[in-house]
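Here are my notes for anyone opening this one for the first time. Keep the view open beside you and go through the points in order.

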Amino acid sequence: MNQNLPIRVLMLSLVVALVAGAPCDLSAASRSKRDSLAPVSVPDLELMGGRRLVFERTFTSDHEVTVKRKFWTKVLDLVAGPPDLHNLVRPYSLAVDSTGRVIVTDPGLRGVHIFDFARQKYKLIYRDGKEPFRSPQCVTVDADDNFYVTDSEAGKIFVFDVDGKLRRVIGSLRGGEGYFKRPTGIAVDSVAQRIYVTDTLRQKIFVLDMQGLVHQSFGKGGTGPGEFNFPTELKLVDQKLYVVDAMNFRVQILDLSGKFMSQIGGSPDSSKVSSASMFRPKGIAVDSEHNLYIVDGLGDQVQVVNQQGQLLYYFGGTGSGPEQFQLPAGVFITPDDHIYVIDSYNRRVQVLRYESPTQKAEVQKP
C-alpha cells in the first residue's frame, strides 16, 4: 500500500475546501484583513489658499504589505498555520527612500522594519551577537538609498546598503563601546560626503565623513543661539540644519558650519521667536513649500510653521482614530508631499497627503 496516500488525501481535501469556499479560520482571517484595509472616511482639512490636508491610511505590521497570498500559500497556511506577523512595538523614527520603501526604527523591538508596499515585501532587521542593536533611534537615507541608523544606547551609527546588509558601524571602539554618548538625529549630505549627527548628552553636533572620521563639531550646553539643551532630531534641507533643541523647547536653524540663523519656539526674550510654541518637540520635516512640520509629543499634534516661524495650522489631537495621536515621534515628507507620522503609543504609522495649489493645477491638466 502506498504510504503517501493519507498525505495526498489530506492535501486533496484541503484543496477542495479552498475551492469550494468551505468555512475555516483562514477565511475569517482573510475577511479580517479586508476589513482592516477598508477605506476610512475622514474629512479633509481645508487650508488657506486652496491647500488641503488629506488622510490616506495607517499601517501597523507586515500584514498590510503582503495582503495578497497565493493559492498554494493558503494551503500551506491551513497545514502549518498562518505566518507570524511583525507588528510595530514602539516605533520612533522613519525615512522613505527613492523607491518608496518605508524604513522604521523600533527601539521596543530593537530592530528596523522595511515596508516595501510597491513590491509587497517586508524585511525585519534584528541584530544580535556581534555589533547588536540596543536601541535603534533615528534613520536617514542617502542618494543611493543606503540607510543610516543611530543607536542611542550602543553609541554607534549602523550603515546598511539598499538590500539591508550591514556595511559598516561608525563609532565602534575596542571592547564594544561606542564613541558617541547618545547619538540621536542624523542627516547625510551625499554631495559633500558628510554625515551630521546630534550627540544629545554631549550637547553637540558632529560632522563626519562617510567613513566616520570626525571633521568638525559645534554646539555646547546653554540657552543662547547655537547652544543646546538636549538636541535630538536633525534634518538637512537646502543647506540648512534644522535641529530639535528639546529642553529649550525650540527648533534651531543653522548653516552647515553651525552658525545660528534663526529659531522657532523657545524663549520669548529672543527677537527671532515665532508664534509657535511646543512642549515636547520631537520629529521635524519640510514640505515642498518649505513649511516646517514639528511633532509635539506632549500635545499629540503636528504644528506647521513657515520659514518666518509663523504658525500656519496644526493637526492631530489625543486619541486612536485617524489623524489622532498618542505620543507621536518621527515625521517624514516625500518630494510629492506624502506625510508619514510615527504614532508611537498607538503602534502605527499614519500617512497623509498635503495638496498645494501647484499640485492641484498639475493634476487638473489635460
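1. Start with β8 and β9, which pair in the antiparallel sense over 5 bridges (strands are DSSP runs of E, at least two residues, numbered from the N terminus; two strands pair if DSSP finds at least two bridges between them). Phe147 has Phe160 as its bridge partner in β9. The two strands make a hairpin with 4 residues between them, and Gly155 in the turn has a positive phi of about 75°.

2. A word on what you are looking at: this is a predicted model, where local features need pLDDT of at least 70, side-chain atom pairs count only at pLDDT 80 or more, and totals for chains, interfaces and linings use all residues. Residues are numbered from 1 along each chain as its sequence is written, and side-chain values use heavy atoms, with hydrogens and water left out.

3. Look for Thr140, which stands opposite Tyr148 in β8. This is a hairpin too, with 5 residues between the strands, and Asp145 in the turn has a positive phi of about 65°.

4. Is β8 (residues 147-151) buried or exposed? It is mostly covered, with 5 of its 5 residues buried (buried means under 20% relative accessible area, exposed over 50%, partly exposed in between, using a 1.4 Å probe and protein chains only). Phe147, Val149 and Asp151 point one way, while Tyr148 and Thr150 point the other way.

5. Next, the largest nonpolar core, which has 41 residues (such a core is a set of buried Ala, Val, Leu, Ile, Met, Phe, Trp, Tyr and Cys residues joined through side-chain atoms within 4.5 Å). Phe147 and Ile157 have the most contacts inside this core. Strand β9 (residues 156-160) gives the most to it, with 4 residues. Setting aside neighbours within four places in sequence, Ile157 is in contact (heavy atoms within 4.5 Å) with residues including Tyr148, Val169, Phe180, Ile186 and Leu208.

6. A second, separate core has 18 residues, among them Leu47, Val302, Tyr313 and Val331.

7. Now find the open sheet of 5 strands, in the order β1-β2-β25-β24-β23, with antiparallel pairing.

8. To β24 it is joined by 6 bridges, and Val341 has Gln350 as its partner in β25. β24 and β25 form a hairpin with 4 residues between them, and Arg347 in the turn has a positive phi of about 55°.
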